[in-house]
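Me: I'm new to this one and would like to go through it with you, a piece at a time. Could you show it to me before we start?

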Amino acid sequence: MYDIIVVGGGPAGMTAAIYARRASKSVLVLEALSCGGQILNTPDIENYPVEAHISGFDFSQKVYEQAKSLGAEFKFEKAVELKDEGDGKVVVTNKGEHRAKAVILATGSANRKLGVEDEDKLVGRGVSYCATCDGNFYRKKTVAVVGGGNTALEDALYLADLCQKVYLIHRRDSFRGDDTNAERLKARENVEIVYNANVTKLIAEKKLKAIEVTDKNTGDVRTIELNGLFVAVGRVPENNNFANLIDLDSSGYAASGEDCHTRTPGVFVAGDNRAKTLRQLVTATADGAMAATEAVKFVNER
Ligand code: NAP
């Protein structure tokens, strides 16, 4: 049995592993895909102390190496269930089961889908959720971004530098994202903003070749021919597999205070899947430190 299992190898989870190892606890980190999580998609981090510029990939590699060098164990498995057996917790994964005295859930969040027919089928064939990862494939082509938050605005600005034409499709007539970004976009000649509209159909042969957008007020349908559609309509916390042991708020975030406790003793939450007001790299790592400190205390007091 491990002292602590950390579910999720993003910045919160890996920081938790560092803190737990520094307290001499045995630690297993379970990561479903690649360590780093969402920050892997960020080309340039410039708001995290120490380095003025670092890519999300390099940042993740460094934290991973740091956690490994301190003795944290990593396994690439997806946690699908959590069981409380009193004196221990069992994390069930797609490959087996692992036991620990305490568990930190640092599962982050996943891309929210648009929910249009064939969206999943067309991922990698015209539909993308990451402009910085896939934008280069659409150099000098026509693309659309859907959403009105900072991610959508920043994605549209990024793509406007690469693509011939960028449509920004938003379901309202004002943006949730910052005015500065919105004003920058409005000044770009190759950007067309389509307000009050929803993407209602994806038209494809082998690849996506057009979309239909429906005006929310008039019901008018417009067809836009394009090569790529970037969906940036927010994220959903990845807590559902653990809802038997933790409380969720109305948006699915784990209800917990700054101490990262949940309603189940020995189960803690850290990072973007926790209910909080600011979701940034620095708050994720802060959560990791806090959750690990509380988990260590729990293990020591057992
Ligand atoms: P977000 O702020 O939640 O925005 C999501 C956007 O998608 C909203 O405009 C929303 O419309 C729209 N939307 C949601 N569901 C939709 C649907 N089914 N169909 C069409 N549109 C839909 O998400 P985000 O942009 O990913 O940002 C997440 C957080 O990270 C925010 O706090 C943001 O400020 C932050 N962030 C910061 C930076 C930065 O500081 N540089 C960069 C990126 C993100 P409504 O507005 O109508 O709800």
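Me: Let's start with one residue. Where is the place of Leu-153?

Reply: Leu-153 is found in helix H4, which covers residues 150-162. Keep in mind as we go that this is a predicted model.

Me: Is Leu-153 buried or exposed?

Reply: Leu-153 is buried, and its relative accessible area comes to 0%.

Me: And how far is the C-alpha atom of Leu-153 from that of Ala-232?

Reply: The two C-alpha atoms are separated by 8.9 Å, although Leu-153 and Ala-232 are 79 residues apart along the chain.

Me: Okay, zooming out. Which domains does the assignment give?

Reply: The domain assignment divides the protein chain into domain 1, made of 2-110 together with 235-301, and domain 2, which is 127-231. Taking the C-alpha centres of domain 1 and domain 2, the separation is 33 Å.

Me: What distances do you have for oxygen atoms of the ligand, say to Thr-151?

Reply: For Thr-151, an N or O atom of the side chain is 2.8 Å from an oxygen atom of the ligand. Arg-172 has a polar side-chain atom 2.7 Å from a ligand oxygen, while at Gly-149 a polar backbone atom is 3.3 Å from an oxygen atom of the ligand.

Me: How much of the ligand's accessible area does the protein cover?

Reply: On its own the ligand has 910 Å² of accessible area, and the protein covers 67% of that.

Me: Switching to strands. In what order do the five strands of the open sheet come?

Reply: The order is E8-E15-E9-E10-E11, with parallel pairing. At the edges are strand E8 (127-128) and strand E11 (191-194), each of which pairs on one side only.

Me: How many bridges are there between E9 and E10?

Reply: Strand E9, residues 142-146, and strand E10, residues 165-169, are paired in the parallel sense over five bridges. Within that pairing, Val-146 stands opposite Ile-169 in E10.

Me: What about E12 and E13, do they run parallel or antiparallel?

Reply: Strand E12 (residues 197-204) and strand E13 (residues 208-215) run antiparallel, and seven bridges join them.

Me: Now charges. How many salt bridges does the structure hold?

Reply: There are 19 salt bridges in the structure. One of the pairs is Lys-89 with Asp-84, whose side chains meet at 2.9 Å from N to O.

Me: Which of those two is buried, and which is partly exposed?

Reply: Lys-89 counts as buried because its relative accessibility is 2%, under the 20% limit. Asp-84, in contrast, is partly exposed, since its relative accessible area of 36% falls between 20% and 50%.

Me: What is the N to O distance for Arg-263 and Asp-247?

Reply: In the salt bridge between Arg-263 and Asp-247, the closest N and O atoms are 2.7 Å apart. The two residues are 16 residues apart, and both Arg-263 and Asp-247 are in the loop between strand E16 (235-237) and strand E17 (267-269). Arg-263 is partly exposed at 46% relative accessibility, and Asp-247 is also partly exposed, with a relative accessible area of 37%.

Me: And where are Arg-274 and Asp-287, which also meet in a salt bridge?

Reply: Arg-274 is in the loop between E17 and helix H6 (281-301), whereas Asp-287 is in helix H6 itself, 13 residues apart from Arg-274. Their side chains meet at 2.9 Å, N to O, and both residues are buried.

Me: Which residues are linked in a network of salt bridges?

Reply: That network links Lys-83, Glu-85, Glu-97 and Arg-99.

Me: Last one, back to helix H6: is Glu-294 there buried or exposed?

Reply: Glu-294, which has its place in helix H6, counts as buried at 13% relative accessibility. The side chain of Glu-294 is joined to that of Lys-297 by a polar contact of 3.0 Å.

Definitions and conventions. Residues are numbered from 1 along each chain as its sequence is written. This is a predicted model: local features need pLDDT of at least 70, side-chain atom pairs count only at pLDDT 80 or more; totals for chains, interfaces and linings use all residues. Side-chain values use heavy atoms; hydrogens and water are left out. Two strands pair if DSSP finds at least two bridges between them. Helices (H or I, at least four residues) and strands (E, at least two) are DSSP runs, numbered from the N terminus. Domain bounds come from an automatic or database domain assignment. A salt bridge is a side-chain nitrogen of Lys or Arg within 4 Å of a carboxyl oxygen of Asp or Glu. Buried means under 20% relative accessible area, exposed over 50%, partly exposed in between (1.4 Å probe, protein chains only). A polar contact is a pair of N or O atoms within 3.5 Å; within protein, one must be able to donate a hydrogen and the other to accept it, and residues adjacent in sequence count only if both atoms are side-chain atoms. Accessible areas come from the Shrake-Rupley method with a 1.4 Å probe; for residues, only the protein chains shown count as cover.
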